[in-house]
Amino acid sequence: LGEDLIMNLKQQLKEAIEAAVKNSGLVETESIPEIKVEVPKDKNNGDFSTNAAMTLTKLARKNPREIAETIISNIDKDAASIKEISIAGPGFINFKMDTAELANVIYTVLDKKENYGRSTLENKEKVLIEFVSANPTGDLHIGHARNASVGATLSNILDFAGYDVTREYYINDAGNQINNLAKSIEARYFEALGEPLNMPEDGYNGKDIKVIGEELAADHPEYKDLAEAERIAKFRDLGVEYEMRKLKADLEEFRINFDNWFSETSLYESGEIDEAMKTMTDNGYVYSADDATWLRTTDFKDDKDRVLVKSDGTYTYLMPDIAYHFDKVERGYDKLINLFGADHHGYINRLKASLGALGQSPDKLEIQIMQLVRLLENGEEVKMSKRTGKAVTLRDLIDMIGVDAARYFMIMRSTDTHFDFDLDLARSESSDNPVYYAQYAHARICSILRQAKENGFEIDVEAPVDIIENEQALELLKKELEFPNIVRGAAESRATQRIPNYIHDLAASFHKFYNAEKVLGEDADKTRAYILMIEAVRQTLENALKLIDVSAPEKM
């Protein structure tokens with residue numbers, strides 16, 4: 001099957017069925033709905049099944065079984081490696097595949113190695129993914145951990161699926177929260193110099209701020225003599241630098257890497273805020289009312305217009321965000337993906353509307369909302385860190401269960417659902433723990449391969465694999481074939497949870513095979529074939545785990 005096998009048998013079947021529908025003349029070519037191919041729950045129904053005949057009933061104006069018979073009569077069995085075709089129930093078409101061809105996936109994986117599952121797109125879509133983007137005023141928390149995990153995984157998946165991906169962190173280093181940070185540092189600075197604490201009303205009382213103030217007082221007592229505006233500006237820069245250094249260290253340990261760190265302040269310095277405002281004004285979407293400047297976002301399905309400049313002449317927080325997205329567009333990205341926290345749901349329409357006001361399609365922007373995460377331990381919700389007595393941070397999570405478990409668990413559920421994170425399960429060394437279960441499958445394969453080598457069996461890519469007939473082995477091969485399509489589907493749907501789900505299914509298929517069949521048996525030819533097969537499974541597991549930045553250990 002060569003390169004076609006990379007697309008896997010399901011994709012080949014979809015194409016063969018679609019071609020059969022076209023050749024049959026049942027419906028107009030442009031009217032053919034999406035063809036879906038699934039693995040039947042009942043193995044007696046074959047390897048794959050499609051409901052294509054039912055989906056064509058209204059268009060073709062025939063009963064499903066008649067449509068199914070027409071499709072079968074027009075299908076090219078050889079092109080899709082089909083051994084048998086049958087009709088079941090009201091019109092399901094079931095397929096049994098040529099197992100000799102099925103086993104060829106082994107050669108494809110061993111040839112592609114770390115690139116098995118990777119796609120190349122003729123027209124690479126440039127995608128900018130902005131995620132985490134936490135204010136540099138304190139530690140990253142559990143919500144940021146989910147945001148970071150999903151953002152990094154989605155970036156990996158899109159890259160593997162052939163997109164041109166840029167990962168970006170937006171540093172909120174301007175605005176009121178940063179002024180409050182600077183004033184909080186100043187209060188702690190003067191406190192360290194022996195003056196009474198004069199913390200601003202909305203100040204930050206974290207330990208970090210106290211440490212920064214004390215260090216500055218010890219190293220730079222002369223700052224007290226600076227003009228207030230100059231001192232605040234200096235503390236603002238030093239505070240952001242300190243907090244970002246800490247955030248970057250935590251993210252790096254969490255295996256989160258960014259291509260760009262974009263500063264909000266740069267939008268003011270470069271004049272892009274003024275440029276974005278002029279563009280929207282020229283496009284006719286900016287107006288004045290009640291001593292303020294407004295954006296007519298209702299023209300783009302927002303529930304009300306939004307203020308850009310308040311009556312006191314200062315910008316609302318929306319304006320620099322618009323300028324930031326104006327900058328993204330100017331940099332030539334085809335698709336902008338933002339990952340926001342659960343409290344940003346009301347922000348979606350106004351930000352998409354601003355793109356419309358800039359003369360861009362609002363659909364260019366996709367926003368994923370990260371629903372809340374609840375930590376559970378011994379069946380009880382954990383809100384406070386045992387170490388600090390304060391809210392549980394990303395650092396606490398890493399210390400409690402390690403990076404592998406944290407990264408894996410954080411993407412197991414769809415982002416639009418609330419997630420109960422069971423710390424006890426994440427720590428357990430049992431098959432109930434999905435990350436342990438997957439890593440153990442990889443380690444077990446490595447152990448078998450080491451044992452095989454000791455017994456004189458090397459990995460021989462010339463060994464024939466068409467002798468593989470064991471039922472569990474064939475199920476394992478089918479699961480392995482799904483990987484490229486799983487990656488593509490996860491990329492197109494932005495569904496990161498599909499990768500850990502696939503990893504678990506592949507590991508389960510391997511464990512089932514291992515419990516049913518002896519790899520290192522008395523039949524040398526079958527042993528060589530099985531060695532190749534499990535090496536291909538190991539490689540696929542490693543590739544999938546790499547997409548979610550989880551390690552694939554050789555020993556456990």
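Strands β9 and β10 pair in the antiparallel sense, over 3 bridges. This comes from a predicted model. The pairing belongs to an open sheet of 3 strands, ordered β8-β9-β10. A helix, α4, spans residues 64–74.

**The sheet**
- Pairing within the sheet is antiparallel.
- Strands β8 and β10 form the edges, and each pairs on one side only.
- Strand β10 covers residues 306–309.
- From one strand to the next, the twist averages 45 degrees.
- In a regular strand, side chains alternate between the two faces of the sheet.

**Pairing of β9 with β10**
- The link between β9 and β10 counts 3 bridges.
- L295 has R306 as its bridge partner in β10.

**Pairing of β8 with β9**
- Strand β8 (residues 286–289) and strand β9 (residues 292–295) are joined by 4 bridges.
- These two strands run antiparallel.
- Y287 has W294 as its bridge partner in β9.
- The hairpin of β8 and β9 leaves 2 residues between the strands.
- In that hairpin, D290 takes a positive phi near 55 degrees.

**Helix α4**
- Which residues of α4 are buried? They are P64, I67, A68 and I71.
- Why do these residues sit on the same side of α4? They cover an arc of only 100 degrees around the axis, which puts them on the same side of the helix.
- N63 caps the N-terminal end of α4.
- In this cap, a side-chain oxygen of N63 lies 3.1 Å from the backbone nitrogen of R65.

Note on methods. Residues numbered from 1 in each chain as written. Predicted model: local features only at pLDDT ≥ 70, side-chain atom pairs only at ≥ 80, totals over all residues. Heavy atoms only, no water. Pairing = 2+ DSSP bridges. Buried < 20%, exposed > 50% of the residue type's maximum accessible area, 1.4 Å probe, protein only. Arc of directions from axis to C-beta. Polar contact = N/O pair within 3.5 Å; in protein donor to acceptor, adjacent residues only side chain to side chain. Axes fitted to C-alpha atoms, helices over the stretch in contact; angles between N-to-C directions.
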